[in-house]
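Colleague: I have a new model open and want to learn how to read it. Can you take me through some features, one at a time?

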Amino acid sequence: MTTAATESDAAEPLACWCCGSAYREAELVRLGNHPEVGVCLRCAHFLHQQARGREDALHPSPATRVRDQFRAGRRVVMQRGWHQKPVIGRPLRWLGRRLP
Ligand SMILES: [Zn+2]
């Protein structure tokens, strides 16, 4: 099994089915019933956040409303590009990875 992973790592980069960027096999997550589909770790985290949002919408509660506010704040930051600013960008990206 380790040998197969090493061989695939040496192969040419594979495209993420979500963002289209090139990655090594070790950097992709495969779907269970469709192993031909691989998404990069970054897109996998994005999909996880999207899934949490859908779950929260299906089962509203005070906790889901708080998470909705965090998600709304994240959208504002992304739309305005604050996460790419030189000084405030790094802490915002750090915070964004840790918030729901
Ligand atoms: Zn991706």
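Modeller: Gladly. Keep in mind that this is a predicted model. We start with a charged pair. The side chains of Arg-71 and Asp-56 form a salt bridge, with N to O at 2.7 Å. This pair links distant parts of the chain: Arg-71 sits in helix H3, Asp-56 in helix H2, 15 residues apart.

Colleague: What can side chains of opposite charge do when their charged atoms come close?

Modeller: They can pair. Now look at the setting here. Arg-71 has a relative accessible area of 11%, and Asp-56 has 5%. Buried means under 20%, so Arg-71 is buried and so is Asp-56.

Colleague: Which other residue forms a salt bridge with Arg-71?

Modeller: Asp-68, with the closest N and O atoms 2.8 Å apart. Salt bridges with shared partners join Asp-56, Arg-67, Asp-68 and Arg-71 into one network. Asp-68 and Arg-71 are both in helix H3, three residues apart, about one turn of the helix. Asp-68 is partly exposed at 33% relative accessibility.

Colleague: How many salt bridges are there in the whole structure?

Modeller: Five. One of them pairs the side chains of Arg-24 and Glu-27, at 3.3 Å from N to O. Arg-24 is partly exposed at 42%, and Glu-27 is partly exposed at 26%.

Colleague: Is Cys-43 buried or exposed?

Modeller: Buried, at 9%. Cys-19 is partly exposed, at 41%. Cys-43 also belongs to the largest nonpolar core, five residues including Leu-28 and Val-39.

Colleague: One last residue. Where is His-83 found?

Modeller: In the loop between helix H3 and helix H4. His-83 counts as buried, at 15% relative accessibility. Beyond its sequence neighbours up to four places away, His-83 touches Val-77, Met-78, Gly-89, Leu-92 and Arg-93.

Conventions: Residues are numbered from 1 along each chain as its sequence is written. This is a predicted model: local features need pLDDT of at least 70, side-chain atom pairs count only at pLDDT 80 or more; totals for chains, interfaces and linings use all residues. Side-chain values use heavy atoms; hydrogens and water are left out. Buried means under 20% relative accessible area, exposed over 50%, partly exposed in between (1.4 Å probe, protein chains only). A nonpolar core is a set of buried Ala, Val, Leu, Ile, Met, Phe, Trp, Tyr and Cys residues joined through side-chain atoms within 4.5 Å. Helices (H or I, at least four residues) and strands (E, at least two) are DSSP runs, numbered from the N terminus. Contact means heavy atoms within 4.5 Å. A salt bridge is a side-chain nitrogen of Lys or Arg within 4 Å of a carboxyl oxygen of Asp or Glu.
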